[in-house]
Amino acid sequence: MSDPEGEIDAHFSPDIPKALGVAVSGGSDSMALLVLLRDYAARNRIALSCATVDHGLRPEAAAEAEGVAAYCAAHDVPHVTLKWTGWNGKGNTQNAARVARYRLLADWARGQGITDIALGHTQDDQAETVLMGLARASGVDGLSAMAARRDDRGLCWHRPLLAMSRAQLRGFLRGRGVAWCEDPSNEDDQFERIKARRALATLADLGVDRASLAQVAGNMAQARSALEHQTMQAVRDLVCLRGGGAAMPWSGFLGLPQEIARRLLVAAIDWIAAPSHAPRQKALAAALAAAETSDSATVAGCRLIRVGDTFWIFREFQAVAHIRSDASALWDDRWQIFGDQNAEVSEIRALGEDGLLQCPEWRGTDLPRTLLLATPAVWQGDVLIAAPVAQSTSAWRAEVIKRPGCLFDRVFGH
């Protein structure tokens, strides 16, 4: 049986971070992680900081956050409570809360100069996630469940306790004399995860238990890694990046195994639009079918077109038509503009039809017209100052920033 301290040591070795954030709700899993990381940080001279997200969905949440804060104060760990505000109450509450939680934690970490954040997910969470994936008839990625490490937009998210059960961690806390809080929603059958948790108790008689489902996740993670390797090779062989879009031979794309082609397309969309969730397989299939029959389709904020045997994927104009930024900020969260600092610039916005009329040289780029419409341009009111993608200029240039974890950026290295 694994021991908690050994799991922490094995997870972070040998690349021990200098600073580490930990997300703690006050429940047993995250409290155990906090205690373990406090000891680990002291042994390895790591600056440990703690954050608790108060979603404001339960009256007990404030008191739970105060309990975590009190423990941190008693053990010299800096703590902050992050409050979720501004939700309109529409849609899936659990999903909205999850998205907000990661956003709040990421913003907090960046503000503290922290690039590594630890989360208290356990073997139980892994097994429940796999079971929910089975219910959705998920493929390899869905059954791979959670990774022990995940890079996302400059941060590394750690789950060092995926091999530990909740029961083991509670035993560890009892041995240390550390209390935890119980979330009453853990008994609410309206939530899919709670249904999965209860189903596991029934399935155990068949040998389908937490450990076996966690092993399934591990097996699927290896399969996912192999598929990703093949996808990266396909990207190297076929894809050319131009003007912020991706181009490849349509015949070469069609010649790929279906799963590799799907993954390549998802990777291209991720590089171009960075959606919070990968588009569903049904949406991708519909877009590809439309591109095959009509030469054009849209999906997840991207446009797919065929020009002869060239298959293009690039940003859809309507997805960026409303975006405005100043020259010092990222435009569309991916373009950095460099240029004449003395020029009078009111904003960066999409080139669009009005801009394209002001730069007749665009045809010399050999880029699709619809691609250029969605590229960044420098404006002074209605006057186009520069269109770095559509026309050559020594005064201005536009670059797509590198995003850690993005498959295309790992392949092309820019």
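With which residue does Glu-347 form a salt bridge? Its partner is Arg-324, and the closest N and O atoms of the two are 3.4 Å apart; a salt bridge is defined here as a side-chain nitrogen of Lys or Arg within 4 Å of a carboxyl oxygen of Asp or Glu. Because Glu-347 belongs to strand β13 (residues 347-350) and Arg-324 to the loop between α13 and β12, the pair ties together parts that are 23 residues apart in sequence. Helices (H or I, at least four residues) and strands (E, at least two) are DSSP runs, numbered from the N terminus. Arg-324 is partly exposed, at a relative accessible area of 43%; buried denotes under 20% relative accessible area, exposed over 50%, and partly exposed the range in between (1.4 Å probe, protein chains only).

The model is predicted, so that local features need pLDDT of at least 70 and side-chain atom pairs count only at pLDDT 80 or more, while totals for chains, interfaces and linings use all residues. Residues are numbered from 1 along each chain as its sequence is written, and side-chain values use heavy atoms, with hydrogens and water left out.

Across the whole structure, 21 salt bridges are found. One of them joins Arg-176 to Asp-39, with 2.7 Å between the closest N and O atoms. Arg-176 lies in helix α7 (residues 166-176) and Asp-39 in helix α2 (residues 28-44), and the pair therefore connects parts that are 137 residues apart in sequence. Arg-176 is partly exposed, at 36% relative accessibility, whereas Asp-39 is buried, at 19%.

A salt bridge is also formed by the side chains of Arg-166 and Asp-125 (3.3 Å, N to O). This pair links distant parts of the chain, with Arg-166 in helix α7 and Asp-125 in helix α5 (residues 123-135), 41 residues apart. Both residues are buried. Arg-166 and Asp-125 also belong to a network of salt bridges that includes Asp-29, Asp-124 and Arg-210.

Arg-334 presents another case. This residue is located in the loop between α13 (317-320) and β12 (335-338). Arg-334 is buried yet has no salt bridge, and the nearest side chain of opposite charge, that of Asp-332, is 5.2 Å away; Lys and Arg count as positive and Asp and Glu as negative, with His and the chain ends not counted. The side chain of Arg-334 does reach the backbone oxygen of Ile-272, at 3.2 Å. Beyond its neighbours within four places in sequence, Arg-334 is in contact (heavy atoms within 4.5 Å) with Gly-244, Trp-271, Ile-272, Glu-399, Val-400 and Ile-401.

Notes. Polar contact = N/O pair within 3.5 Å; in protein donor to acceptor, adjacent residues only side chain to side chain.
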